[in-house]
Amino acid sequence: MKQARLILAAIAGGTLAVATGAEAQTPERPRREVPPPPGSGEPIVTDSQFEDALPPLDPDLTRPLEPLEPIDPAAPAFPPVPGPVEDAPLGDPALAEPLPPLSTFEAEPIQEGGEDEADDTRPVTVRYALVVEGLDEIGLEGRFRDLSALHDARGEAVNGAMVVARAREDEALAIRLLRSEGYYDAVAAHAIEQVPGQGDEPGTLRVVISAVPGQRYNFGEIRIEGPPTEPTELARESLPLEAGKPILALDVEAAEANVLLRLPQNGYPFPELGVRDILLDPETGAGDYTLPLNPGPRASFGGFTTEGDLAFGPRHVGVLARFERGQLYDRRMVDDLREAMVATRLFDSVSAEPVLTGETAPDGSQYVNILVRQDAGPARSLDASAGFSTGEGLRLEGAWEHRNLFPPEGSLRVAGVAGTQEQSLSARFRRNNWGQRDRALLLQAEAGRRDYEAFRGYTVRLHGLVTRESTPIWQKRWTYAYGAELLATNESRFGEPNLSLGDAYFIGGLIGQLGYDRSNSLLDPTEGFRLLARVNPEASLRDGFDRYARNLFDASAYYPVAENIVIAGRARVGSIYGIERDALAPSRRLYAGGGGSVRGYGFQQLGPREIRPNPDFDPAEPDKEPETISVPLGGRSLNEFAIEGRYRFGNFGVVGFVDAGQVYESQYPTFSNLRFGVGVGGRVYTNFGPLRVDIATPIGRREGESRIAVYMSIGQAF
């Protein structure tokens, strides 16, 4: 009754006083009128009328409960079951029979249905067609289809639920794409329609993805919040966003990445970006962009520390670095240091990162040390190379090297050459980054035998160089080499040389070389040019003392006429002055012909020649060997030219080329009587450079010249 009153009182809108239990049992309790709510007039039922209308309470409700009978602890909890359980009759007598032994049980496999039955249970493929509305007008339908789950499934699904799931996924995709392009009010929906089939053809579904882009938002105010940088405009200039341009997700992400790139390049190694905020105004269609930025401390380079499995210490790390203490921090310099350490080929892994020292530089910036973590790799290696050309034959080279036998970066290399025309053994000591980045010291001793068409010889050579050269990993604009050499050689233009001191040439000379490289690749250039000049003053002791200078100049250029077509050209001129040709050792003269010279001709085949009796001629077998042979004499000057058209498709390429050149007895080249060779070649491009195979033939072939010449090597011809 109290609950009913509470409900009614609530309906009447009056206040309510809840009575306690003792008050509810009192027959004569005080009555309290509930005032009506303001403005409601007189109450419909007063409290007194309500109390009078209630029936009297049942007196039994207030009577105490009767006590329970006492429980005997020894009495059973449940009444006994009459008779033993096993005597209870079973409904089916067979249930009481014993089970048969397993050995007597026979099972037959369930027979599968036939082909027709299998076809009936095969799942039916649901086919559908995708229609996109509202995206083509703003140029997003292509991107949508590239990412669409419906489009990727090629119009097939296992059931309708899968179609619905893909449609919902594409609906969300459409909204994401539109918002990434600045349409932040975009909405999208999908609809699936049944399309009846024609004849016996089953029906299909038509799935429509509809998108409404809405207005496109443009950048409004662009702000960067945080401590100022030095210069103050550095952070804003590093964020290439412009007011009035559409708010594109890719532009925003790229601009923020540019901030994290530019600040470490300008003295701030530890920048941190907060969460961007873009406040959109639907009335103006503008979005105010705010980027929290903590640039961190401004820093300058301090020193170096290193840890891990060391190949060399911090002092040599400082030799590789291109920055000095006190120089403003630049992340590009740190990356350059790491690349230089990778180029040493002494590490399995290496990293370089800045670490604050807590020390303040004179300009107020903080010093940072570069922490280099080294993990030294195997220093020993075995390598081999092979080459072949028609003029020089086969050439195999193998070597053992220890790249850090004399730390830091002091290597020892022992190499051997076994070829058709050359056999040699050499030992070389080389210290890379010798006291200065990119400079090397080289000392080499070699001995070998050469058997060329122009001469045969045994040579012992010692030479030393200080050099700065390019490698496939590290291509440099300026290169140079200078040094000296001593050699003793016994050479003969006919037959085996006489191995005596009286017939030997003793030669000493200086080496000078300067190169300038503006090409874009060492092994496969496609644009730019190269220049190389070599000057070798020498003195020869044999039947007198002769002084002379050997000079050579090379130039090559590369021009891309299309994305995959390159025109390449090369020119070479050489001169020896101060000595007559016949006074020169045959190995010190100039020759032309071969894979790195004029293709289509054998090695050293061009230039003046001498007709000599053939020492291998046998009058008893005149058809086996010719009676006379033409032997190259070499010369004191040469000129060579080449032009190539290189076409690349994927990792393969073809080349057409024309080479020309000649060797002269005179001191300077005359550019006359040029010999030409033409040919084609194939290229296979790898990550270490192209593999080259060229086939060439001479124009105006003469007696003794091959019809076809083949050249194989790594890298372009020039």
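In which sense do β27 and strand β28 pair, and over how many bridges? In this predicted model, β27 and β28 (residues 689-698) pair in the antiparallel sense over 10 bridges. The two strands form a hairpin, with 2 residues between them. Arg683 stands opposite Arg692 in β28.

Strand β26 (residues 652-664) also pairs with β27. The sense is antiparallel, over 10 bridges. Here Phe657 has Gly679 of β27 as its bridge partner.

The side chains of β27 (residues 675-686) alternate. Arg675, Gly677, Gly679, Gly681, Arg683 and Tyr685 point to one face and are buried.

## Helix α7

Helix α7 spans residues 160-180, with 21 residues. From first C-alpha to last, α7 reaches 30 Å, close to the 30 Å expected at 1.5 Å a residue. At its start, a side-chain oxygen of Asn159 comes to within 3.2 Å of the backbone nitrogen of Ala161. After α7 comes Gly182, with a positive phi near 95°.

The buried residues in α7 include Val163, Ala167, Leu173, Ala174, Ile175, Leu177 and Leu178. Arg166, Asp170 and Ser180 are buried too.

## Nonpolar cores

Which residues touch the most other members of the largest nonpolar core? They are Tyr128, Leu135, Phe144, Leu150 and Leu178, out of 22 residues. β1 (126-133), α7 and β4 (204-212) each supply at least two residues of this core. Its largest share, 7 residues, comes from α7. In soluble globular proteins, nonpolar side chains tend to be buried together.

Leu135 touches Leu140, Glu141, Phe144, Ala174, Leu178 and Ala211, leaving aside residues up to four places away in sequence. Another core, of 21 residues, lies apart from the largest one. Among its members are Leu337, Leu346, Ile370 and Val372.

## Helix α9

Helix α9 covers residues 249-262 and has 14 residues. Its reach from first C-alpha to last is 20 Å, close to the 20 Å expected at 1.5 Å a residue. Its buried residues are Val252, Ala255, Glu256 and Val259. Why do they lie on the same side of α9? Because they cover an arc of only 95° around the axis. An α-helix has 3.6 residues a turn, so residues three or four places apart point the same way.

The buried residues of α9 pack against β5 (218-225), α8 (234-237), β6 (272-273) and β8 (286-294).

Methods
Residues are numbered from 1 along each chain as its sequence is written. This is a predicted model: local features need pLDDT of at least 70, side-chain atom pairs count only at pLDDT 80 or more; totals for chains, interfaces and linings use all residues. Side-chain values use heavy atoms; hydrogens and water are left out. Helices (H or I, at least four residues) and strands (E, at least two) are DSSP runs, numbered from the N terminus. The expected span of a helix is 1.5 Å times one less than its number of residues. Buried means under 20% relative accessible area, exposed over 50%, partly exposed in between (1.4 Å probe, protein chains only). A polar contact is a pair of N or O atoms within 3.5 Å; within protein, one must be able to donate a hydrogen and the other to accept it, and residues adjacent in sequence count only if both atoms are side-chain atoms. Two strands pair if DSSP finds at least two bridges between them. The arc is that of the directions from the helix axis to the C-beta atoms. Contact means heavy atoms within 4.5 Å. A nonpolar core is a set of buried Ala, Val, Leu, Ile, Met, Phe, Trp, Tyr and Cys residues joined through side-chain atoms within 4.5 Å.
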